[in-house]
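Dear colleague,

Please find below the structure that I am handing over to you, followed by an account of what was found in it.

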Amino acid sequence: MPEPDRYTQGETPDHPPLSPEERRRMIRASLLRPMNLTVPVIGVGIFAITLLWWLPPLTAITYAAVVFLSFRDNSFQERVLRGRAVRQLPNSPASENSEVPPERRVHWLPRGETRQRVEAALAIYQKVVTAIEESDDVTRTVLGDAVPKLQAVAGHLVDVAHNREQTAEALEDVRLHAATSNPEREKDLGRLEEELRAADAEISGMMDSLLNLRARVVRISIESEGSARAAAGDLNRDLDEMNLRLDALGTTFSSPDEP
């Protein structure tokens with residue numbers, strides 16, 4: 001776990017600042033939240049009957065207050081920004097952090113190349129999810145299962161990155177402080193180095209994989225419904241394969257203390 005001074009100003013592990021796009025989505029969702037819209041509807045209805053002059057400003061103030069509270073509501077924020085809850089796969093490391101989205105957990109990584117690559121991949125992941133959510137009804141219907149699978153991919157990717165960093169730190173520590181050569185230990189270290197290379201390759205390739213997914217979502221959105229359903233089926237199968245591969249990679253990492 002990184003030390004507090006590794007965070008940029010204004011960030012915390014649980015509540016990093018929202019990006020401009022996330023703020024816009026939250027404002028729009030808060031303004032259009034059905035529970036909030038009942039306030040101006042009721043206010044206008046009562047004003048039309050009573051014509052009390054103080055009702056419009058009171059209604060406006062009340063509506064602004066409930067919109068602000070919705071914007072600050074963490075549970076509502078998670079539903080808007082992260083979508084539906086993702087069912088965690090058995091024995092998945094993500095199940096331990098299921099309540100913390102990957103966009104926040106990535107800030108727990110130490111600053112460096114791994115964190116930069118994961119952050120770049122998560123930025124593309126968000127664009128893929130947004131492209132699905134803002135598409136037409138047919139596209140959203142045929143890709144209804146893709147969003148939770150994409151969320152699982154993002155969670156597994158961050159898990160792999162955390163395991164990679166912990167293992168790299170343990171390897172460096174052992175090689176730095178080992179006073180004598182030990183054949184069994186060298187065998188273990190060699191195996192962990194292979195796992196590190198596999199993790200680096202998967203993390204590096206994730207940006208291309210997500211970019212391809214984004215292009216496929218755009219293609220599905222302009223195809224006929226029959227073709228879109230077939231393409232969506234292929235996309236969902238590829239997402240299942242990505243999740244299984246990332247989950248398997250995450251669980252093959254040995255304990256950082258094993259060497």
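What do the side chains of Asp 137 and Arg 140 meet in? In this predicted model, the two form a salt bridge, with an N to O distance of 2.2 Å. Asp 137 and Arg 140 lie 3 residues apart in helix 7 (residues 137-142), so about one helical turn separates them. Asp 137 is exposed, at 52% relative accessible area, whereas Arg 140 is partly exposed, at 34%.

A search of the whole structure gives 14 salt bridges. One of them joins Arg 25 and Glu 133, whose closest N and O atoms are 2.8 Å apart. This pair links distant parts of the chain, since Arg 25 belongs to helix 1 and Glu 133 to helix 6 (residues 113-133), 108 residues apart. Arg 25 is buried, because its relative accessible area of 7% falls under 20%; Glu 133, at 30%, is partly exposed.

Arg 219 and Glu 223 also form a salt bridge, with 3.4 Å between the closest N and O atoms. Both residues are partly exposed, Arg 219 at 40% and Glu 223 at 30%.

The crossing is right-handed. Helix 1 contributes Arg 23, Met 26, Ile 27, Ser 30 and Leu 31 to the contact, and helix 3 contributes Tyr 63, Val 67, Ser 70 and Phe 71. Of these contact residues, 6 are nonpolar, 2 polar and 1 charged.

With kind regards

Notes
Residues numbered from 1 in each chain as written. Predicted model: local features only at pLDDT ≥ 70, side-chain atom pairs only at ≥ 80, totals over all residues. Heavy atoms only, no water. Left-handed = near helix turned anticlockwise from the far one by under 90°. Helix = DSSP H or I, 4+ residues; strand = E, 2+ residues; numbered from the N terminus. Contact = heavy atoms within 4.5 Å. Nonpolar A, V, L, I, M, F, W, Y, C, P; charged D, E, K, R; others polar. Salt bridge = Lys/Arg side-chain N within 4 Å of Asp/Glu carboxyl O. Buried < 20%, exposed > 50% of the residue type's maximum accessible area, 1.4 Å probe, protein only.
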